[in-house]
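Please work through each task before reading its solution.

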Amino acid sequence: MQCTIPSKYIKLFAKSIQCLAKVGEDLYIHATRKELVLRTLNSSRVAFFAFFLNQKFFDHYELDENNERKFAVKLKSCQAVFRQFDTVEQCELRLDDVEDRFVFTLTCKHGIRKVYKLTYEEVDPVLALYNKDEATNTMQFHSKKMLEAVSNFQNSNTEISLFVAKNAITLQSHSEETVTQQKTRELKTKLTLDVADFEGFHVGLDTSITFCMKEFKAMLAFGDAAGQPLKMSFERGGRPLLITTNYFDLFSADFVLATLIDNSSQSGDSSRDTDTKSTPNSNGCSNITPQSSKRSSYLSPEPTTPLSRRELLSEVASPSPYVQRYSGDSAYSSGGPIVSSSPSVITSGSNSIRPDSPQQQYHPSSVNGTYNNVYQGYDDDDDEVPPSPPPDERPNKVQRREDGYRSHVPMDEEDDDDEEVPSSAPQ
Amino acid sequence: MRFKARVLPDKATLFQRVVSTVLQISKECVIHLTQTKMQFILAAEITEGGMQVWSGIASNCLFEDYAIESLNNNEIAFEISLDHLQRALKSGQDASEMLFKLVKKNGVPYLSFVIEKQGQQTMSIVQDVPISMLTQVQFSSYIEPHLPDPDVQIMMPPLKILRNVIDKMKNVGEYLSIWANMAGEIRFKVESDMVTIQTSYRNLDHPQIEGKSPPRVNPELEAEGKVRVKQFSKFLYSYQVLPNNVVCCIVEGKAVVIHILLDDLYMTYYIPMVVL
């Protein structure tokens with residue numbers, strides 16, 4: 001796989017890498033015949049950013065034997081490549097199968113050439129389920145205005161609330177109100193914006209959503225660099241907030257942010273458990289109604305049997321204390337089957353998962369809890385559930401998920417003991 | 001207990017600068033509001049090493065529509081976190097209107113700033129700065145230090161220049177020795193095992209105290225003391241306020257007192273002397 005970025009788009013590409021670096025640790029790259037997709041997921045799984053770079057964006061785009069490549073690299077390393085990009089005249093990205101490295105070659109002014117070789121892992125990208133058309137509230141805005149508004153908030157505020165009504169938009173700082181009502185010594189900020197500043201402002205129902213500020217700001221910073229308007233669409237607390245932008249037909253970006261569940265809706269006992277696996281029937285899931293029957297329709301396009309889901313659940317155990325709640329997996333393992341890549345798949349809930357606040361657990365602790373998590377999905381191709389190894393045996397192993405898919409590190413060369421490879425094609 | 005005021009549009013910057021200057025010393029501060037002035041107090045218990053800052057500004061200098069009402073002789077005192085206050089004031093930059101008042105929300109007292117911004121983007125912002133009220137008893141424990149009359153009083157050289165000098169000295173040693181006489185000379189010295197750096201200024205003025213005839217002071221009178229460089233350099237942040245006068249008073253064996261004056265604003269820094 002090889003492609004070259006022309007000098008006029010270097011800045012845009014660099015900014016997208018910087019934006020992704022503020023969000024997640026790993027960059028999932030998926031090179032298909034028609035586009036290069038860059039994706040990342042933040043560690044607490046409340047933000048998913050995806051950049052779709054069309055073939056036309058590049059000067060030269062080539063896939064070996066037209067084979068799609070899917071792999072992941074560390075974002076910190078990519079960020080280092082693009083730390084200073086004003087002298088870069090041309091950038092070439094290449095997967096070097098001989099050396100087993102992902103190579104960035106930057107041709108800079110004054111005849112300087114910089115080559116960065118990054119290790120990579122061949123792994124399926126992490127995907128989020130979201131539906132662009134489902135939203136009841138939409139609006140369009142320019143990042144500059146929103147950046148100015150958001151700059152009034154203190155950086156220590158981790159979350160921000162957006163409230164919309166027929167002709168009002170308000171941004172408010174969100175503080176976690178503890179049950180014990182201790183004095184919150186935080187600055188409370190509330191900002192009212194003029195609806196006239198937003199084009200395409202359409203509100204179905206008065207709503208208030210709360211989402212992470214840091215990732216929102218990262219997205220705004222990118223939007224500012226791209227200079228194109230951003231389209232925001234959302235429904236209500238618990239459902240994901242989707243922001244999209246595109247740079248003509250060359251480049252489009254999707255930013256999905258999880259939102260906090262509206263505390264007023266849903267059942268009274270919000271889940272306070274921290275162990276996902278042991279409480280399969282907690283009803284504190286995000287937007288999902290307590291009746292179990294509805295769960296499946298939210299979670300996957302094709303309902304699979306509860307049994308298969310449970311098996312997958314145990315398979316994707318994670319060593320990280322934070323992630324245990326969602327019984328999610330570490331970044332690399334693709335865990336469950338992956339949703340087919342069309343973005344218009346039925347939405348699933350989104351959770352704002354806050355590891356440090358046990359009171360607000362919208363966590364996917366239902367049976368299909370994990371899969372309540374936006375960022376997992378079901379692959380149409382999977383027709384067999386892989387055998388589930390004991391949780392502690394597979395921390396960060398790259399698994400072979402599908403047929404004909406070569407793992408970067410062939411399993412038999414591993415020194416480690418855990419060798420289980422559910423390589424059979426899922427049913 | 002009630003309080004509200006509107007910030008004069010062209011004074012918002014000054015207000016901001018005062019807050020950011022005091023913020024350099026400590027985040028937590030006590031604000032005391034009376035009918036005529038607003039005081040910022042950083043007392044010894046809060047700051048490290050016992051440096052104190054007592055600053056006051058006439059209310060009609062910064063505000064209009066100033067209304068204060070309380071059972072305690074119409075005075076109000078509270079603790080506030082200056083970084084929150086600074087954030088709130090920053091939102092008010094270029095605002096068409098900024099007013100603030102004391103409110104209680106959910107039983108918690110706040111200083112609530114309501115800011116209207118016009119121009120490129122119309123916005124209305126509300127910033128609620130959390131505060132904790134101080135009772136009369138609590139506040140009475142804050143007393144401005146009383147020191148004997150200073151031995152030497154001298155006007156400081158321009159703060160911007162002095163700041164660069166002292167910044168370099170910070171790295172050399174821990175203690176700064178200040179010597180001055182009543183003939184317009186001041187010297188700053190810092191020492192370490194390997195090097196001694198001394199900067200002297202001459203032809204400085206001496207402050208005239210209003211109302212009194214210029215004291216017939218012996219020009220030979222001199223005073224000296226050692227202070228911690230770090231504390232001394234903190235007072236130098238006050239250059240942002242663009243003061244008219246900066247007076248340095250040395251009370252031998254006790255403290256170095258620096259008065260910063262600008263129209264209706266005064267800032268007094270009490271820097272304790274170190275006796276080695």
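A crossing is called left-handed if the near helix is turned anticlockwise from the far one by less than a right angle, and right-handed if clockwise. The model is predicted, so local features need pLDDT of at least 70, side-chain atom pairs count only at pLDDT 80 or more, and totals for chains, interfaces and linings use all residues. Residues are numbered from 1 along each chain as its sequence is written, chains are lettered from A and ligands numbered from 1 in the order in which they are written, and side-chain values use heavy atoms, without hydrogens and water.

**Exercise 1.** Describe the crossing of helix 3 and helix 4 of chain A.

Step 1. Helices (H or I, at least four residues) and strands (E, at least two) are DSSP runs, numbered from the N terminus. Helix 3 of chain A covers residues 143-150 and helix 4 of chain A residues 213-226.

Step 2. Their axes (lines fitted to C-alpha atoms, for helices over the stretch in contact, with angles from 0 to 180 degrees between N-to-C directions) come within 9 Å and cross at roughly 145°. The crossing is left-handed.

**Exercise 2.** Determine the strand order of the open sheet in chain A.

Step 1. Two strands pair if DSSP finds at least two bridges between them. Strands 7 (residues 88-96) and 8 (residues 101-108) of chain A pair in the antiparallel sense over eight bridges, and Glu92(A) stands opposite Thr105(A) in strand 8.

Step 2. The five strands follow the order 5-1-7-8-9, with antiparallel pairing. Strand 5 (60-62) and strand 9 (113-118) of chain A are the edges, each pairing on one side only.
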